[in-house]
Every structure is written in structure tokens, then in C-alpha cells.
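Dear colleague,

I am handing over a structure that you have not worked with before. Please look through the sequence and the coordinates below, and then read the findings that follow them.

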Amino acid sequence: MKAKFLVPLAIFLALAGFLGYGLTLNPSVVPSPLVGKPAPAFQLAKLDAPQETFGVDDMRGQVWLLNVWASWCVSCRQEHPYLVEMAGTGGIPVIGLNYKDERQAAIGWLRAQGDPYLATVTDEDGRVGIEYGVYGTPETFLIDKDGVIRYKHIGPINRDTVQKVLMPMIAELSRAG
Amino acid sequence: MIAELGHFALILALVLSLVQGLVPMIGANRNRIALMAVGRPAAQGQLVFLVISFACLTYAFITSDFSVRLAAANSHSQTPLIYKITGVWGNHEGSLLLWALSLSLWTVAVTVFSRDLPEAFMARVLGVLGWISAGFISFTLFTSNPFERLLPAVAEGRDLNPLLQDPGMIIHPPLLYMGYVGFSVAFAFAIAALLTGRLDAAWARWSRPWTTVAWVFLTAGIAVGSGWAYYELGWGGWWFWDPVENASFMPWLLGTALMHSLAVTEKRGAFRSWTILLAIGAFSLSLLGTFLVRSGVITSVHAFAVDPARGLYILALLVLVIGISLVLFAWRAPKLAGGGSFDLVSRDSSLLANNVLLAVVTGAVLLGTLYPLFLDALNLGKISVGPPYFEATFVPLMVPVVLLMVVAPFMRWKKDDLPKTLRKLGPAFGASIIVGFLVAFVIDHVTWRTVLGLFLAAWVLIGSAQLLWSRLAERPGAAASNRLRGIPSAWWGMWLAHVGVGIFVIGVTMIGSLESHTDVRMRDGQTATIGKYTFVFQGVREVQASNYIAAQAKLQVFKGDRLLTTMTPEKRNYVASAMPMTQVSLHIGPLRDLYVSLGDQLDSETWLVNLHIKPFISWIWAGCILMALGGIFAASDKRYRRLAERSAPAAAARQAS
């Protein structure tokens with residue numbers, strides 16, 4: 001048995017190890033140091049009206065969601081119907097953070113997919129994204145009335161996330177204070 | 001009752017697959033003809049039961065039997081019949097059943113078409129296929145039973161995901177699965193070769209048509225899937241480097257390498273262990289694709305159900321199948337060395353170079369697909385790898401592949417003369433550079449990407465024309481029609497597939513360079529112009545189908561003053577799932593597609609409309625069709641049948657001695 005013929009096996013076993021470990025990970029759960037901390041402040045231009053700005057302070061006193069998305073992001077398309085549904089049933093305002101995107105592409109995307117956002121702000125160079133510790137799109141932050149981040153979800157949300165995680169937390173946070 | 005019947009048939013199929021995996025293998029080891037002969041009837045019986053099982057599940061969908069959990073979750077009483085049927089495989093459980101069914105079809109095809117294989121070799125091939133089948137059927141039965149009941153039954157089903165209610169989705173999964181699973185035949189041949197130590201030109205000749213046909217299915221399946229993404233996802237892209245797309249693309253890349261490596265093994269007896277490794281690799285990547293899609297380790301648009309038990313089961317299957325075959329490879333492959341020597345300048349070495357490049361490309365795509373997982377596992381953070389990575393690695397690696405692709409057929413086996421080859425191809429090379437620049441100037445888009453793409457396309461097409469010409473010049477005396485007829489269909493297959501690559505490159509380059517689009521607000525009677533085309537908005541009306549209500553816009557399209565066509569994009573609302581869907585309207589032309597999708601309604605009469613011109617996009621599909629056609633020509637070459645007949649007695653004699 002010559003050593004070089006064992007190379008494929010070795011590579012495969014390493015790969016299988018990673019895959020096995022990957023099964024124990026949930027790609028959408030990431031401990032965020034930001035949970036429990038005030039949401040980093042921003043004042044960014046609105047997507048549909050670049051001369052106006054919008055910031056965290058405008059949402060003070062409300063429980064709200066900050067959804068980080070981009071038109072180039074495939075998974076955003078997957079979660080979008082649930083955002084539209086949540087926005088449609090009232091309940092909770094959703095603010096969009098359009099991340100490293102082109103304005104025209106983003107506007108076109110919202111036209112085609114539906115616009116669930118109370119307001120969308122543009123983070124073209126991704127600077128605000130860095131402050132929020134954004135790994136990739138989509139990510140969703142739940143922020144309470146005092147502007148404190150209560151929960152962070154990485155990856156597309158789905159019906160389970162909405163019903164089992166977000167809705168109970170939102171109900172609780174809305175009751176409080 | 002019918003569902004239980006299907007369940008029972010599936011259990012019987014599992015039993016037969018175990019018989020097929022075990023008995024012929026034992027027979028081959030002990031040289032007992034009677035035991036070896038069990039393989040064929042076991043495989044054929046398995047197909048019968050899988051067909052029954054599949055038919056039962058389809059019946060539950062067609063009759064809207066919502067006491068079957070799967071039908072309740074993926075069908076609806078008002079869904080059109082065709083989508084009730086395709087709903088059978090538009091979900092995790094059903095698609096696994098389809099996987100098992102395809103495998104069984106391939107296995108039976110082997111028993112029918114490779115009747116002339118030596119009995120012991122056939123027994124081992126069927127044994128390997130039997131084990132794979134047992135793995136997948138048991139996976140279906142134990143973790144993903146499609147026949148599970150939902151009691152009490154629900155009154156109405158949740159309907160098939162509207163994205164999947166589309167003609168493309170009718171044939172995309174079956175084609176793709178036939179391709180994926182088809183590599184299992186090449187794999188089984190490779191394992192049988194390792195087990196027997198028999199790996200010669202005859203072996204390569206047996207494997208070639210099977211590999212090529214699987215590759216044809218995979219090519220067609222990927223092309224249809226890409227076409228579906230293009231018009232159904234409503235944003236006009238045709239390839240996203242999504243993990244699941246990559247999962248189908250990696251076996252294709254390695255399968256392409258395998259086809260060419262098999263050619264060398266057949267003609268020259270060289271690259272034996274490399275060919276075996278590619279055969280194992282192509283099928284392993286098919287399995288890996290199944291794992292990635294089914295386990296949810298990577299987030300993707302396609303990921304259906306996520307269930308750790310399922311992921312673990314497939315991983316175990318993966319480790320068993322690939323692990324055992326690679327151990328076998330490490331043990332037996334060193335003895336397979338051999339084959340003729342060849343020079344640095346020869347067809348052998350240029351095919352080897354292309355092989356290695358294709359394997360490296362596959363590795364790069366694999367790395368990009370799994371990179372988020374690696375980083376996550378090593379606690380280095382979570383990232384997503386996007387198209388920029390893939391484009392930055394794929395293009396530079398594929399450029400030499402396309403360059404060599406044209407050179408190799410001009411070269412002689414074993415040894416060729418470099419200056420002579422350069423003289424032969426120099427003019428074509430120069431002409432291609434000129435054509436690349438000229439066309440880029442004419443379309444007024446001189447970027448290095450455009451020039452490179454057009455140069456490569458010209459290189460392939462001019463080179464192919466020259467190749468055909470020199471082939472015809474080989475028999476100067478004969479009439480042109482006779483000369484054409486004298487060329488074997490395997491050669492035509494190679495030629496067509498290579499031309500297909502050229503056409504494909506034109507499509508990709510042009511769409512990347514000249515695509516244009518605009519979003520406009522439109523109300524009754526308003527016009528918008530993009531390029532040479534004027535669109536006149538003629539209002540929106542409500543259209544009702546059995547399972548959705550749609551707002552359908554009507555746009556007249558004028559080119560100059562001439563009415564070209566009327567386009568009707570829709571915004572659909574599917575009743576059962578309450579999912580809004582954009583249905584684009586396409587006007588397909590040889591040089592451009594017009595692509596219109598309907599956006600939001602702004603007020604009672606104003607709508608947003610997205611207008612796109614997609615130049616040359618049809619050339620992408622045309623290129624894929626040519627590649628697939630080439631595969632069909634190559635696989636249907638007469639000599640596979642003739643030589644199989646001739647070699648069988650000789651092989652039998654060898655076995656006996």
C-alpha cells in the first residue's frame with residue numbers, strides 16, 4: 001500500500017469529520033455579544049428617499065425588528081414572504097437595513113418581492129453592518145422599547161422562527177413597561 | 001389501503017436489494033454461477049416493487065388522499081393534475097423514493113444492455129449497486145417514510161410550493177436524479193474492477209457509454225434547473241452559485257473529467273488508477289450533494305426539511321460507501337499501474353492536464369461551498385461565500401481548460417511534434433484573438449472579460465471548424481457525403497459537445513456584457529422604451545386558475561413601428577399557501593429575450609413593471625443542448641456494441657482459465 005494512494009481517503013475522512021461536526025451546529029444560531037446591549041446608533045439615508053435619514057432613535061418606545069438584507073442575497077428571498085406576512089398582520093414594525101447593495105437593485109427587488117418595511121435604510125459600505133456584527137445576510141435583530149437588542153437571528157427566518165421565537169418575545173417585550 | 005400497499009412494496013424492494021447486494025457477491029467470490037445469477041432477477045424484481053411503491057404514492061397525490069401526511073403537506077385538491085403528480089417528488093420523502101427508483105432503473109438497464117459482461121464481473125457490479133440501493137431504501141423507510149398516515153385526515157392539503165408549480169420542475173428533478181444516480185454505474189464498475197483487479201481497455205469500453213449517458217442526464221438536468229431559476233425566480237439571473245446548484249455542478253465537472261480519462265484508459269491503457277479515482281469521486285460528489293441538500297448543514301434556497309437524524313443517517317451512508325471504496329482504492333490501486341508511456345507533447349498529456357484542471361475546479365467549488373461550514377466548525381466565525389469568490393476562481397481555471405480542449409483533438413496519441421502543432425493551430429489562434437477584439441468593438445463593450453469570452457468562443461468554434469475540415473481531408477478521393485458518413489458517431493459526439501461549449505461561452509459573455517434593464521411605473525396607455533423596444537402598458541385584469549388568482553398585465557411590444565408581440569406578466573396569489581408569486585412573461589428570440597415581470601401595484605391604476613433585455617441567453621441553453629446531444633452521439637457509437645460482442649467470449653475464456 002503506497003502512501004500516495006491513501007491521500008484521497010485522508011482527505012475524505014477530514015471532510016467527513018467536518019460534515020459530522022457541521023450537523024451538530026445550527027447555522028442560524030450565533031451567540032452575539034450584542035444581545036442585552038444597546039443597539040448601535042445609526043443615521044442612514046432612506047432607500048426610497050436618499051435625502052432623508054432614519055435612525056435607531058426614531059424607533060424609541062417601540063418594539064421592532066431590524067432586518068439586514070440585500071438584493072444579491074438568495075436566502076433573503078426565502079425569508080421574505082414571512083417578513084411580508086408579519087408586516088401584513090400588523091403587530092410589529094420592521095426596519096430594513098439594506099446591506100452593501102446598489103440602490104436601484106434594492107428598489108427593484110422590493111418592488112418585485114413586496115415591501116414589508118416601515119422604512120429601509122441603506123448601508124452601502126457596510127459600516128453599520130460591522131457595528132452590528134453582521135456576518136452575512138439575512139440577519140434579524142429584535143430590539144426593545146429602550147433600544148436594547150434582545151435577540152439576534154442569523155440566516156433566513158421561517159414560520160417556526162416567527163411563531164415559536166419572535167412572536168412570544170415580542171408579546172412579552174410589548175407588555176413590559 | 002393503497003398507501004400501506006406502497007409501504008409494503010417498498011419493504012419488499014429493500015429485502016430484494018439486500019439479496020442483490022449479498023448473494024451475487026458471495027457467488028462471485030466462491031465462483032458459483034447459480035449464486036451469481038441471482039443478481040439479475042433480484043434487480044428486476046426490485047424495480048417492479050419500486051414502481052408499485054411509487055405508483056401508490058402518486059395515486060395518493062392524484063386522488064388527494066390527505067390522510068397521507070406527505071400528500072397533505074404537498075398537494076391540494078384544486079392543484080392541476082400535472083402538479084399533483086410532480087408534487088410527489090417536490091419534497092424530501094418523495095424525492096428519495098425517486099432516487100431509489102432511478103437507481104433501480106439504471107441497475108435494470110445494466111442487466112439488459114450489458115448482458116455480455118463476464119458473469120463474475122456483472123455479479124460484483126450488481127452487488128455494489130444492490131448495497132447502494134439498500135442504503136437509500138432503508139434511509140427512506142427508517143427516517144423519511146413517504147407513506148406515513150395523518151389521522152384524522154385533514155380536509156384540505158397545503159399545496160405544493162408555488163415556486164415548484166412550473167413546467168421546468170416537472171422534468172428537472174427526474175433528469176438531475178438520473179444523472180446523479182447514473183454515476184453509480186461507473187462507480188460500481190470501478191469497484192468491481194478494484195475487487196477483481198481487472199482493469200483493461202475492455203473495462204473502459206464497458207464503462208464509457210454508461211458514464212456518458214449519466215453525464216447527458218446531468219447536463220440536461222442542470223440546464224433545465226438553470227432555466228427554471230431564470231424565469232421562475234423572477235430576477236433574471238441564470239446561475240447563483242447556490243450550494244445546491246454547486247452540489248449538482250461538482251459531479252458534472254468531475255464526470256466530464258471521468259469521460260475524458262476513460263477515453264485515455266480505453267485507447268492507451270493509461271491513467272488507470274486516476275480513472276478509478278474519478279469514478280469514485282464523481283459518485284461520491286453525487287452522494288455529498290444529497291447530503292448537503294438533505295441535512296441542512298448549509299443554508300440554501302433549496303434546503304427542504306432539516307432533521308438531524310436524517311443528516312446523521314446520510315453521513316453514515318456517505319462514510320460507509322465512500323470510505324470503503326477509498327480504502328479499497330488505497331489497497332488495490334497500486335497494482336493497477338501500467339499503460340503506455342507518453343510524451344509531454346501528446347494527446348495523452350493534454351487530456352491529463354485538462355483532467356487535473358477540472359479536478360482542481362471541482363475542488364475550488366467544493367471549497368467555496370463548504371468554506372462557511374469549515375470556518376464555523378473551527379470557530380472562526382460565520383460567513384457566506386458569494387458569486388465573487390466563484391467567479392474569481394472558476395474563470396481563470398476554466399480558461400486553460402477551454403484552450404486545451406481545442407488543442408487535444410489535433411494532437412496524436414503518445415507523442416506529437418510541438419512546432420508542427422503550433423503551426424497547425426497558430427492561424428486559428430490569431431484569428432480568434434482578432435475576432436474577439438473585433439466583435440467587442442462592434443458591440444461597443446471592450447472590457448477584458450468580454451474580449452476574453454469572445455476570444456475563447458471564437459477559438460472553440462474556429463478550432464472545431466478546422467478540426468472537421470482536416471478530418472474530411474483525410475480521405476481526399478471520396479465524395480463529401482461518404483466522407484461525412486465515414487466519421488464515427490463518437491467523433492461527432494466529441495465535436496458537437498465542444499462546439500456546444502463555444503456556443504455556451506458566447507451566451508455567458510454576451511449576457512454579462514450587454515444585459516440591460518429598467519424599472520418603470522406604468523399606467524394604462526403609458527409607454528416605456530428600452531433599447532430598440534417600446535412597451536405599451538394596456539392595463540391589468542384579474543385571471544383565475546384552479547389554485548391561484550392572478551393580476552395579469554398586458555403589454556404590447558413594438559420594435560420601431562411594428563407590433564412585435566403582446567406580453568402578459570402576472571402576479572399570482574396561490575390560494576392554499578397565500579404565497580405571492582411573480583410570473584414573468586418571456587419573448588424568446590435567437591439574439592435576445594425580452595423579459596417582463598410585474599411588480600407592486602402603486603395605486604388603483606399604476607403598477608411597477610420591470611423590463612429586461614437579455615441578449616443571447618438562449619445560447620446558454622443551446623450550448624447545453626449541444627453538449628447533451630454530443631453525449632448521446634458519443635454513447636450511441638456502434639463500436640461499443642460491436643466490441644462488447646467481440647470481447648465477451650474472449651473475456652469469458654480469460655475468466656475460465
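Predicted model: local features only at pLDDT ≥ 70, side-chain atom pairs only at ≥ 80, totals over all residues.

**Chain A**

Chain A contains five helices and seven strands. Read from the N terminus, its elements follow the order α-β-β-β-α-β-α-β-α-β-β-α. The C-alpha trace of chain A spans about 70 × 40 × 30 Å along its principal axes. Of the 177 residues in chain A, 44% are buried. Considering contacts in chain A between residues at least 6 apart in sequence, 74% of them join residues at least 24 apart.

**Domains of chain B**

For chain B, the domain assignment gives domain 1 (1-162), domain 2 (166-411) and domain 3 (518-618). The C-alpha centres of domain 1 of chain B and domain 3 of chain B are 42 Å apart. Seven residues from domain 1 of chain B and seven residues from domain 3 of chain B take part in the contact. On the side of domain 1 of chain B that touches domain 3 of chain B, there are two nonpolar, three polar and two charged residues.

**Helix packing within chain B**

Two helix pairs in chain B are described here. The crossing in which α9(B) passes α10(B) is left-handed. By class, the residues of the contact of α9(B) with α10(B) are twelve nonpolar, nine polar and three charged.

The second pair is α15(B) and α16(B), whose axes are 8 Å apart and which pack at an angle of about 140°. With that angle, α15(B) and α16(B) are oblique to each other. Here α15(B) passes α16(B) in a right-handed crossing. The residues that α15(B) brings to the contact include F429(B), I433(B), F437(B) and V439(B), while those in α16(B) include L454(B), F455(B), W459(B) and I462(B). The residues of the contact of α15(B) with α16(B) comprise 14 nonpolar, five polar and no charged.

**A helix contact between the chains**

Helix α1 (residues 7-24) of chain A meets helix α13 (residues 347-377) of chain B: their axes come within 9 Å and cross at roughly 75°. This angle makes α1(A) roughly perpendicular to α13(B). In the contact, F18(A), Y21(A) and G22(A) in α1(A) meet L373(B), F374(B) and A377(B) in α13(B). These residues of the contact of α1(A) with α13(B) divide into five nonpolar, one polar and no charged.

**Individual residues of chain B**

S95(B) belongs to helix α6 (residues 92-113) of chain B. Is S95(B) buried or exposed? S95(B) counts as buried, because it has 22 C-beta neighbours inside 10 Å and the threshold is 20 or more. Apart from neighbours within four places in sequence, S95(B) is in contact with W89(B) and P173(B). Although S95(B) and P173(B) are 78 residues apart in sequence, their C-alpha atoms are 8.0 Å apart in space.

The peptide bond from L151(B) to P152(B) is cis, with omega near 0°. P152(B) lies in the loop between α7 (119-143) and α8 (167-196) of chain B.

Which residues other than glycine have a positive phi? K414(B) is one of them, with a phi of about 70°, and D444(B) is another, with a phi near 60°. K414(B) is located in the loop between α14 (387-407) and α15 (418-442) of chain B, whereas D444(B) is found in the loop between α15 and α16 (448-472) of chain B. With 16 other C-beta atoms within 10 Å, K414(B) is partly exposed. D444(B) has 8 C-beta neighbours inside 10 Å and therefore counts as exposed.

With kind regards

Methods
Residues numbered from 1 in each chain as written. Chains lettered and ligands numbered in written order. Left-handed = near helix turned anticlockwise from the far one by under 90°. Helix = DSSP H or I, 4+ residues; strand = E, 2+ residues; numbered from the N terminus. Nonpolar A, V, L, I, M, F, W, Y, C, P; charged D, E, K, R; others polar. Buried ≥ 20, exposed ≤ 12 C-beta atoms within 10 Å, placed from the backbone. Contact = placed C-beta atoms within 7 Å. Domains from an automatic or database assignment. Axes fitted to C-alpha atoms, helices over the stretch in contact; angles between N-to-C directions. Parallel < 35°, antiparallel > 145°, perpendicular 65-115°, else oblique.
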